[in-house]
Every structure is written in structure tokens, then in C-alpha cells.
Amino acid sequence: MFSTGLPPKRVSRLMHAARYRPSRRTRAVILWHSLLECLLALVLLFGATTFVRWVVGPSPISSAIPTVRVRLLIIGAAVGVLLFGLILSPAGRASGGHVNPAITLTMWLSGAFPGAAVIPYIVAQLTGSLLGVLTARAVWGSVIDGPPVNSACLQPAPGWTNWALFPAEAASMAAIVLLVAWFLAVPRLAPLVPGLVGFLVGLAIAVLGPITGGSLNPARQFGPAIFSGDHDFLWVYLLAPMVGAALATILFKLLTRRRVLTHKLCGTHKDGSPR
């Protein structure tokens, strides 16, 4: 046997690092899928900002709908349908259609997603958030920046504090993650996940929008907050969904013997193999 001249522990660490270092092909796939996630987040934020511009901002639609709750119901339905379409789009099927750093974290903690792709995905999703709002500003003009649109930045109802908002956002995200994880762990339910995600996000916007803002996605608030300059609750909207997702994933693994079959939100085939 040849000798490296290195201490045994050093050799062991080097071998371990080499074993888990992504190959060049794997890195290329991660980069490509991350770019797709950026594109999906761009479309999601462009869509969300556009919906807010027309349903909340000055327009014939907003003039015909005087109540905030009805406006949020319309926006929630529109975002839910858009998210459903993004997950099932070719880009969504390839990357997994996470479009949410909390979902990416969930998939990694559940063992269905490689750790090497977590940071690239999250960076891409946040970048797409910025680009989505920037695109909306380019298309719709200065009306995006001023009230009541304010770059589609979310706000909780008056009286909420950071420390009250945090558990509310975390618990809401945890509930969604538990349902999504369960569906992705059951082959016959996994194909229903795109509709489930669209419905849950739309419902959260309609119900939680007037209360907590109903973000549940760090990428949903990141771009709007940066462009509007409103950073009051930004750290909560960024961190709380991640904490809620992590706790829910740990709870799911402790309480069930099932495992998430795929990180792709488009689901699986009937035999449990990824789509």
C-alpha cells in the first residue's frame, strides 16, 4: 500500500470531502436548475406585483371592488393559479418548482434534495424576486412605486409587532409544509401537490393577508421590500417561514415513518418514481 505522508485523520477528511464533492456535471445541473428557479421566481413576483397593481392600485378593477377582503380573495386566486401553472411548467418540472426558499429547505431536510443545491436555489429565488419587481416597474411604470401598490410590499395589520408576527408566519408555513410533505410521501397523492400548493397559498393570501400579510415565502417579500424601502418586518418575513418549515419537517420525520419521495412539486408517478 502506498503512503501519502499525511496523518491518517487528514487522509480520512480528504477522502470524505472528495466523496461528497459534486461532480462537474452535477454542478452544471445545479446551476441550470437554479437559473430556472430564478426565472420561476421572476414570473411569480411579476405576476404578484401586477395583480396588486390592478386589483389594489388605481384601476377600473379596484374601483369596482371597494372591500380589501374581496380584493385579496381575487389576488389569492390569481396567485394560486399562477403558482399551479409554474409548478407544472417545463421549468418547474425540471427544477422542482420550489419558488420558495422554505420549500427548498424542507426538501433538503427531508432527504429528497442535495445539500449542494440549497444555497444556489435560495440565491436564485431571491434574485428572481428582485428581477420580478424590477420587470413589473419597467412594464407598469411609476404606479408600482407609490401607494397603495408600494412595489407589492406586504404589511401586517396595525398593532402587530415583529415578535407576534414571527410565530404566526412560522406556524402558517409549518402547516403548509406538513401537508405538502404528506402528499409527497404518498404516491397516489403526490400528483395532487401542484393544486394543493396553489390552493393553500391562495387561501393564505385571502385569509391571512388582512392579518399577517400572508407572505409564507421569503422570496415573496424580498424584492418588494427592497424596492419599496420598507424593511420594518423584512427579517420576520425572511426568517419565520424558514424556521416554520424546518420545525415542520423535523416533526413530520418524527411522527411518521414515511419519506418524501421527490423534491419536485409536480409529484410522482403511481409507482412512486419522480416525474
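Reader: Among contacts between residues at least 6 apart in sequence, what percentage join residues at least 24 apart?
Author: In the protein chain, 77% of those contacts join residues at least 24 apart, where contact means heavy atoms within 4.5 Å.

Reader: Before we go on, what kind of model is this, and how are residues numbered?
Author: This is a predicted model, in which local features need pLDDT of at least 70 and side-chain atom pairs count only at pLDDT 80 or more, whereas totals for chains, interfaces and linings use all residues. Residues are numbered from 1 along each chain as its sequence is written, and side-chain values use heavy atoms, with hydrogens and water left out.

Reader: How many helices and strands are there?
Author: The protein chain has 11 helices and 0 strands, these being DSSP runs numbered from the N terminus (helices H or I, at least four residues; strands E, at least two). Its pattern along the sequence is α-α-α-α-α-α-α-α-α-α-α. The radius of gyration is 20 Å, close to the 19 Å from the globule rule for 275 residues, so the protein chain is as compact as a globular protein of that length. That radius is taken over C-alpha atoms, and the rule is 2.2 Å times the number of residues to the power 0.38.

Reader: What does the C-alpha trace span along its principal axes?
Author: The C-alpha trace spans about 80 × 40 × 40 Å.

Reader: And what share of the residues is buried?
Author: Buried residues account for 49% of the 275; buried means under 20% relative accessible area, exposed over 50%, and partly exposed in between, with a 1.4 Å probe and protein chains only. The protein chain exposes about 13,600 Å², of which carbon and sulfur atoms supply 70%. Those areas come from the Shrake-Rupley method with a 1.4 Å probe.

Reader: How many positive and negative side chains does it carry?
Author: There are 22 positive and 6 negative side chains, and the centres of the two sets lie 17 Å apart. Lys and Arg count as positive and Asp and Glu as negative, while His and the chain ends are not counted. Each charge is placed at NZ of Lys, CZ of Arg, CG of Asp or CD of Glu.

Reader: What does leucine 44 touch?
Author: Not counting residues up to four places away in sequence, leucine 44 touches Val79, Leu82, Leu83, Leu86, Val99 and Asn217.

Reader: Now the backbone. Which residues does a cis peptide bond join?
Author: The cis bond joins proline 147 and proline 148, with omega about 5°. Proline 148 lies in the loop between α7 and α8.

Reader: What about phi of serine 151 and alanine 152?
Author: Serine 151 has a positive phi of about 60° although it is not a glycine, and alanine 152, also a residue other than glycine, has a phi near 65°. Serine 151 counts as buried because its relative accessibility is 0%; alanine 152 is buried at 2%.

Reader: Is alanine 204 buried or exposed?
Author: Alanine 204 is buried, with a relative accessible area of 8%. It sits in helix α9 and, leaving aside neighbours within four places in sequence, is in contact with Gly209, Gly214 and Leu216. Its C-alpha is 7.5 Å from that of glycine 76, 128 residues apart in sequence.

Reader: And where is alanine 117?
Author: Alanine 117 lies in the loop between α6 (101–109) and α7 (118–140), and is buried at 2% relative accessible area. Its C-alpha lies 5.9 Å from that of isoleucine 30, 87 residues apart in sequence.
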